[in-house]
Amino acid sequence: MNPALAMPEAAPPRRRGRIQLLLILMVVIGPMLLATAMYKFSFWVPEGRSYHGTLIGNGQTLADLGVQGEAAGDTWRLLVTAPANCEADCQELVYMARQIHIGLGRDASRATHALAANAIPADYDEQLRRDYPRLERHGLDAAAYGKATEDLGGARLWIVDPHGNLVLRYDGGIKGKQILNDLRHLLKLSNIG
C-alpha cells in the first residue's frame, strides 16, 4: 500500500478576493456614479439633436396654453395656434398640418390635426368646413397663450401627446417634411396613442 501523499491545501489569498470584489463593485456602481455626475454637472452632454422644432420640456399642457374646449383624446395632435385672426401664416400651417397627417400613412389613425384660434374670418371658416371636415377646432384664450408662450406672436404649430402635454413647437416657415419626420419618430418611440 502506498501511503497517500499529503498535499498542502492552497488557500486563495484574501488580497486577491478583495481586488475582485472591488472590481465588481466598480463595474456595477461606477456607471451610475458617472451618469449622476454627468446629469448634475452637465458635462459630456451631447450638443446635437435629432428633432427640428423647439422642445417643450417644462410640462406645459393644452390648458396652460389657453386652448379652450379641448377634447380628451387618445391620439397625438398637430395643433395650430393663432392668437389673433387666422391669417395667411395660420392658414398655411393648417394646410401643412393636414398634409402631414395624410403623410403619416398607416399611422394616420394615431394622430389628428386641430386649430385653436381667437377668430377665424368667415370665408376661411366656410373653407375649413368644406375642405377640412376632420379638423378639430378650439377657442384660444389670448391672455393665457401670451403668458405661456412669452408673447411669441404669430401662428405656431405644436405636437401634442395623447395626454395633452406639449412636446414640440414649430414656427412658421419650417418645412413640412421636417415636422413629419419628427412626428414619425415620436410615434415610433411611443406606446401611447
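1. By the rule applied here (a side-chain nitrogen of Lys or Arg within 4 Å of a carboxyl oxygen of Asp or Glu), the count of salt bridges comes to six. The model is a predicted one, in which local features need pLDDT of at least 70, side-chain atom pairs count only at pLDDT 80 or more, and totals for chains, interfaces and linings use all residues. Residues are numbered from 1 along each chain as its sequence is written, and side-chain values use heavy atoms, with hydrogens and water left out.

2. One of these salt bridges joins the side chains of Arg77 and Glu136, at 3.9 Å from N to O. Since Arg77 belongs to strand 3 (residues 76-85) and Glu136 to strand 5 (residues 136-140), the pair ties together parts that are 59 residues apart in sequence. Helices (H or I, at least four residues) and strands (E, at least two) are DSSP runs, numbered from the N terminus. Arg77 counts as buried at 8% relative accessibility, whereas Glu136 is partly exposed, at 23%; buried means under 20% relative accessible area, exposed over 50%, and partly exposed in between, with a 1.4 Å probe and protein chains only.

3. A salt bridge also forms between the side chains of Asp125 and Arg137, with an N to O distance of 2.2 Å. This pair links distant parts of the chain, with Asp125 in helix 4 (residues 122-131) and Arg137 in strand 5, twelve residues apart. Asp125 is buried, with a relative accessible area of 18%, while Arg137 is partly exposed, at 32%. Both residues belong, together with Arg129, to a network of salt bridges.

4. Arg156 and Asp171 meet through their side chains in a salt bridge of 2.9 Å, N to O. Arg156 lies in strand 6 (residues 156-160) and Asp171 in strand 7 (residues 166-171), so this pair ties together parts that are 15 residues apart in sequence. Arg156 is buried at 10% relative accessible area, and Asp171 is partly exposed at 35%.

5. As for the overall form, the protein holds six helices and seven strands, which run α-β-α-β-β-α-β-α-β-α-β-β-α from the N terminus on. Its radius of gyration is 28 Å, well over the 16 Å that the globule rule gives for 193 residues, so the protein is more spread out than a compact globule. That radius is taken over C-alpha atoms, and the rule is 2.2 Å times the number of residues to the power 0.38. Along the principal axes, the C-alpha atoms fill a box of roughly 115 × 40 × 30 Å.
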